[in-house]
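Subject: Structure handover

Hello,

Here is the structure I promised to send over. Please open it alongside this note; my findings follow below.

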Amino acid sequence: MASNSYGEEELNLLPAVYEVIRSIEKDSPDMNQVNQKLNELKTKFQKARECVDKLPGIQYSKEEQLKRVAILHKQMELKTKLLQKYKNESSFDVNQ
């Protein structure tokens with residue numbers, strides 16, 4: 001997959017959003033702390049964008065992705081049927 005893989009916790013944006021809101025809602029907000037929290041949130045968004053850009057199939061439209069999934073699903077069904085057919089065939093002898 002991606003060479004720069006990030007953990008799920010690193011890409012969880014909600015705690016960072018919460019920290020920004022919490023630092024703004026204080027009675028007397030420290031603007032340096034607010035700016036620091038906003039920069040942390042901005043960095044998390046950038047990491048998330050990088051991960052999304054590296055996802056396989058991102059270059060395809062939704063319709064193309066659905067079409068590819070349908071094709072792969074049909075191939076899987078055919079291969080499953082073939083495997084079942086060969087498995088159930090009694091004329092196949094390993095000792096020949």
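A word on terms before the residues come up: buried means under 20% relative accessible area, exposed means over 50%, and partly exposed lies in between. Please also keep in mind that this is a predicted model.

Overall make-up

The protein chain has 3 helices and 0 strands. From the N terminus on, its elements run α-α-α. Buried residues make up 8% of the 96 residues. The chain exposes about 8700 Å². Carbon and sulfur atoms supply 56% of that area. Residues 24 or more positions apart account for 58% of them.

The H1–H2 pair

Two packed helices are described by the angle between their axes and the distance between the axes. Here are both values for the first pair I looked at. Helix H1 covers residues 14–24, and helix H2 covers residues 31–53. They pack at an angle of about 165°, with their axes 9 Å apart. That angle makes H1 roughly antiparallel to H2, because angles over 145 degrees count as such. The crossing of H1 past H2 is left-handed.

Which residues make the contact between H1 and H2? From H1 come Ala16, Val17, Glu19, Val20, Ser23 and Ile24. H2 brings Gln33, Val34, Lys37, Leu38, Leu41 and Lys44. Sorted by class, this contact has 7 nonpolar, 2 polar and 3 charged residues.

Lys37

Lys37 sits in helix H2. Is it buried or exposed? Lys37 has 16% relative accessibility, so it counts as buried; the cut-off is under 20%. Set aside its neighbours within four places in sequence, and Lys37 is in contact with Glu19, Val20 and Ser23.

Tyr18

Tyr18 is found in helix H1. At 48% relative accessibility, Tyr18 counts as partly exposed. Its C-alpha atom is separated from that of Lys37 by 9.6 Å. Along the chain, Tyr18 and Lys37 are 19 residues apart.

Leu11 lies in the segment before H1. With 25% relative accessibility, Leu11 counts as partly exposed. Where does Leu11 stand relative to Lys47? The C-alpha atoms of Leu11 and Lys47 are separated by 7.1 Å, while the two residues are 36 residues apart along the chain.

Thr43 lies in helix H2. Thr43 has a relative accessible area of 42%, so it is partly exposed: that value falls between the 20% and 50% cut-offs. The C-alpha atoms of Thr43 and Leu11 are separated by 9.9 Å. Along the chain, Thr43 and Leu11 are 32 residues apart.

Best wishes

Methods:
Residues are numbered from 1 along each chain as its sequence is written. This is a predicted model: local features need pLDDT of at least 70, side-chain atom pairs count only at pLDDT 80 or more; totals for chains, interfaces and linings use all residues. Side-chain values use heavy atoms; hydrogens and water are left out. Axes are lines fitted to C-alpha atoms, for helices over the stretch in contact, and angles run from 0 to 180 degrees between N-to-C directions. Helices (H or I, at least four residues) and strands (E, at least two) are DSSP runs, numbered from the N terminus. Angles under 35 degrees count as roughly parallel, over 145 as roughly antiparallel, 65 to 115 as roughly perpendicular and the rest as oblique. A crossing is left-handed if the near helix is turned anticlockwise from the far one by less than a right angle, and right-handed if clockwise. Contact means heavy atoms within 4.5 Å. Ala, Val, Leu, Ile, Met, Phe, Trp, Tyr, Cys and Pro count as nonpolar, Asp, Glu, Lys and Arg as charged, and the others, Gly among them, as polar. Buried means under 20% relative accessible area, exposed over 50%, partly exposed in between (1.4 Å probe, protein chains only). Accessible areas come from the Shrake-Rupley method with a 1.4 Å probe; for residues, only the protein chains shown count as cover.
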